[in-house]
Amino acid sequence: MAIALAVSPTRMELLKLKQRVGLAQKGHDLLKEKMDALVIEFFEVVRRIQEARMKAFDQLSVAHRALSMGFAVVGTLETKQASKETKRELQVEISTRHIMGIAVPAVEVGEVERNALVRGYGLHMTSSVLDEASREFERALKLLIELAELEASAFAIVRELEKTKRRVNALEYILIPRLREALKFIMMRLDEMERENFTRLKRIKAMMEKRE
Amino acid sequence: MSYRIAVVGDQDTVTGLALAGATYAHIHTTNEETLAKLNEFFDSEEIGVLLITHRVAEELGYDFRRMVRTKRLLPLVLRIPDKTGYVPKVDELREIIRRTVGAEIMIKKEGS
């Protein structure tokens, strides 16, 4: 049972309350619509994440296998050395996009895959197995970056969804019932006052008739 | 704006992703060291994407989760499986869905 607001039982107050209930109801409906839209958006993103995740993680395990080959053929130290020598200047463009007022990151990955000559490690100490491993990791990295974008948007949407849900519930289960309770209280009170008045008049009338 | 990539993880993951062009890398040995390095990465204006293996993320536990929660919009943090393909049983995203929507939701692949 909602606790009634402390209100004075007057007609002015009644009118004001009615207005507030109307407003709260309208806000509630709007928020609910927003929530529905967010849920649809969210599930779309989640579906895409699952596809992207599977693809990226598969590619990553392929890359790891290729790297193990690199370790075996070229040697652990040489491979590590190559990973230090290689040009590590991959850049991604990140800006923000807005989905229904939520800022989500938008990532643009350029070409990640490079030519063996551009990579920058010495070719005479390494072998084509290492080139292979690098290529697989480059592919994996591209997929992983795309996945990171999707996951970040999912988290942003979910945070907003939680906030919206809280607001909807606060309106639906607390504010609106309280206002209605107060409304009911005022109406009852006004009716009661009217009845009191009515009997009072009756009684006065009876008294006046007796006196005559 | 263009940003760079950072990797935190075991030797193999870091080596591989460094070969692929990730600019910043840290090989996890002790929690203190890794956390200090992560702090540096999170403060950096240059890093746009941070990749960390699930195993390391789990080992860091609460400290890491708090870092992720309090970070700015960037860097984007993605947890990845390591060489053994280790992924925790409790999927974080699924956990969040369960909490917000209040029901376990299975998403089927299209056509199945």
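Predicted model: local features only at pLDDT ≥ 70, side-chain atom pairs only at ≥ 80, totals over all residues.
View 1. Helix α4 of chain A covers residues 128-211, a run of 84 residues. At 1.5 Å a residue, this helix should span 124 Å, and its end C-alpha atoms lie 123 Å apart, which agrees. A bend of about 40° occurs in α4(A) at Leu171(A).

**View 2. Chain B and its fold.** Chain B contains five helices and four strands. Along the sequence these elements follow the pattern β-α-β-α-β-α-α-β-α. Of the 112 residues in chain B, 39% are buried. Among contacts in chain B between residues at least 6 apart in sequence, 65% join residues at least 24 apart.

**View 3. The side of chain B that touches chain A.** Contact between the chains involves 30 residues of chain B and 42 residues of chain A. On the side of chain B, the elements that give two or more residues are β1 (2-9), α1 (11-19), β3 (47-53), β4 (76-80) and α5 (92-101). The greatest share comes from α1(B), with six residues. By residue type, this side of chain B divides into 19 nonpolar, eight polar and three charged residues.

**View 4. Helix α1 of chain B in its surroundings.** Eight of the nine residues of α1(B) are buried, so this helix is largely enclosed by the rest of the structure. The buried residues are Asp12(B), Thr13(B), Val14(B), Thr15(B), Gly16(B), Leu17(B), Ala18(B) and Leu19(B). They pack against elements of both chains: α1 (11-74), α2 (76-85) and α4 of chain A, together with β1, β2 (24-27) and β3 of chain B. Just after the helix, Gly21(B) adopts a positive phi of about 115°.

**View 5. The largest nonpolar core.** This core has 61 residues. Those with the most contacts inside the core are Leu144(A), Val7(B), Ala22(B), Val49(B) and Leu51(B). Helix α4(A) gives the most to the core, with 16 residues. Leaving aside residues up to four places away in sequence, Ala22(B) touches Arg88(A), Leu90(A) and Leu141(A) of chain A, and Ile5(B), Ala6(B), Val7(B) and Leu17(B) of chain B.

**View 6. Strand pairing within chain A and across the two chains.** Strand β1 of chain A (residues 91-99) runs antiparallel to strand β2 of chain A (residues 102-109), and eight bridges join β1(A) to β2(A). These two strands form a hairpin with two residues between them. In the turn, Met100(A) has a positive phi of about 45°. Strand β1(A) also pairs with β1(B) in the antiparallel sense, over three bridges. Glu93(A) stands opposite Glu108(A) in β2(A) and also opposite Ser2(B) in β1(B).

**View 7. Glu108 of chain A.** Glu108(A) is found in strand β2 of chain A. This residue is partly exposed, with 13 other C-beta atoms within 10 Å; a residue counts as exposed at 12 or fewer and as buried at 20 or more. Not counting residues up to four places away in sequence, Glu108(A) touches Val92(A) and Glu93(A). Between Glu108(A) and Lys55(A), the separation is 53 residues in sequence and 18 Å in space, C-alpha to C-alpha.

Definitions and conventions: Residues numbered from 1 in each chain as written. Chains lettered and ligands numbered in written order. Expected span 1.5 Å × (residues − 1). Bend = angle between axes of the 7 residues up to and from the residue. Contact = placed C-beta atoms within 7 Å. Nonpolar A, V, L, I, M, F, W, Y, C, P; charged D, E, K, R; others polar. Pairing = 2+ DSSP bridges. Core = buried A, V, L, I, M, F, W, Y, C linked by C-beta atoms within 7 Å.
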